[in-house]
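Dear colleague,

Please find the structure below. My notes on its charged side chains follow.

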Amino acid sequence: MLILVCYDVNTETKDGRRRLRRVARVCESTGQRVQKSVFECQLDLSRFEALERALLKEIDPKQDCLRLYRIPETRGFEVLEHGVFKAVDFDGPLVL
């Protein structure tokens, strides 16, 4: 399934800036950045649950916002891209 991870971490303090870096690191290890605080991840259910647990360990729910969008069926799902960034097609051929 396709997972969209969106977050907004309060960076007014040193701890907040540290949380932001840790959240980004977790996301970078799992998916691809499509915006500064938005990642696309192609995961099965168990990896999705592990990602959610890892992110919940990093955020402060009283100061930060984390949104996880599960898109279980990507067939027929379309993303329109505008601008310079071009995402990796997870279902396309892998070229080495």
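A salt bridge here is a side-chain nitrogen of Lys or Arg within 4 Å of a carboxyl oxygen of Asp or Glu. This is a predicted model, in which local features need pLDDT of at least 70 and side-chain atom pairs count only at pLDDT 80 or more, while totals for chains, interfaces and linings use all residues. Residues are numbered from 1 along each chain as its sequence is written, and side-chain values use heavy atoms, with hydrogens and water left out.

- R33 pairs with E28, the closest N and O atoms being 2.8 Å apart. R33 is partly exposed at 33% relative accessible area, as is E28 at 47% (buried means under 20%, exposed over 50%, partly exposed in between; 1.4 Å probe, protein chains only).
- R19 and D64 meet at 2.7 Å, N to O. Because R19 lies in helix α1 and D64 in the loop between α2 and β4 (65-71), this pair ties together parts that are 45 residues apart in sequence. R19 is buried, with a relative accessible area of 8%, and D64 is buried at 9%.
- R22 and E58 meet at 2.5 Å, N to O. This pair links helix α1 with helix α2 across 36 residues. R22 is partly exposed at 29%, whereas E58 is buried at 18%.

Helices (H or I, at least four residues) and strands (E, at least two) are DSSP runs, numbered from the N terminus.

Finally, K57 lies in helix α2 (residues 45-58) and is exposed, with 71% relative accessibility.

Yours sincerely
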